[in-house]
Amino acid sequence: MRRLLLLAPLLLFTVGCAEDEGTAATREVAREAGRHLYSQRPRTAEEVGRSASLVDGVEVLRVTGTSTHEGDGIDVIVRTSGFDYNGLIFPEQSVVQYCFTVRVSPKSEWDEDPRKVDCPDGPALIFPPPPEPPRLPYDELRAKLPQVPKRGRADDAEVRRTLADLDLDPAIRTEVKVDSGRVGVLLLVPGNGFDAQDCLLARVAPGATDVWVPPRIHRMPGEGGCTVANALNPKPSPH
């Protein structure tokens, strides 16, 4: 009898630990979502919610705030699943769900502990895919840019007419520059200031017309790959 009395507190302790482990496991999934969302890049509520919904084991129930860099940032309530145990002698395992708040703002920490909250009513939010960026017309530009004889001189007016004829998407920014009888061309899709930019370069010169996409490392912000200067005088390859 004495052994049974001593055993009961041990069982209670064991079950309590199992419950704690279940909560800790679901909290860790929410913490992983916070790590995934951590960034200093400004994003809208929709962008943050969509990104959170792509984390394995996470459902997004609520997103509050306008953007990461306005006010207190964005709060995301995520739901994760874990296990609970009922019974002392032979505890039965059951699936339970927990909700946590993940805050995304410039003041957020990478490994911030998510706060456990009551789960809001309603189904998980569904986010539409992000809009596709406009396609840069590599083949069309290559086919239509003028070819200049070796002893000739590139005409920037002709290059500009070629660009106009391509009927480019308004989101694509163009730049043309003349230097020593050559014409450099930049077609750029403005980026977010953090990831690699999407751009196309061209150079019309006596004896050679080239069109190319700079290496990714050169297309990172601050690297100068997506500039008309790089079209006229290309940076050396990183390889």
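The protein has 5 helices and 8 strands, taken as DSSP runs (helices: H or I, at least four residues; strands: E, at least two) and numbered from the N terminus. Residues are numbered from 1 along each chain as its sequence is written. In this predicted model local features need pLDDT of at least 70 and side-chain atom pairs count only at pLDDT 80 or more, while totals for chains, interfaces and linings use all residues; side-chain values use heavy atoms, without hydrogens and water.

**Overall fold**
- Along the sequence the pattern reads α-α-β-β-β-β-α-α-β-β-β-β-α.
- Of contacts (heavy atoms within 4.5 Å) between residues at least 6 apart in sequence, 52% join residues at least 24 apart.

**Burial and surface**
- Of the 239 residues, 38% are buried, meaning under 20% relative accessible area (1.4 Å probe, protein chains only).
- The accessible surface is about 14,600 Å² (Shrake-Rupley method, 1.4 Å probe), and 53% of it belongs to carbon and sulfur atoms.

- Four strands form an open sheet in the order 5-6-7-8, with antiparallel pairing; strands pair if DSSP finds at least two bridges between them.
- Strand 5 (173-179) and strand 8 (208-212) each have a single partner strand, so one side of each lacks a neighbour in the sheet.
- Neighbouring strands are turned by 10° on average, direction ignored; axes are lines fitted to C-alpha atoms.
- Strand 6 (residues 182-189) and strand 7 (residues 198-205) run antiparallel, joined by 7 bridges.
- Leu187 stands opposite Leu200 in strand 7.

**Helix on the sheet**
- Helix 4 (residues 156-165) packs on this sheet and touches strand 5, strand 6 and strand 7.
- The direction of helix 4 makes about 25° with that of strand 6, on a scale from 0 to 180 degrees between N-to-C directions, with the helix axis fitted over the stretch in contact.

Conventions: Buried < 20%, exposed > 50% of the residue type's maximum accessible area, 1.4 Å probe, protein only.
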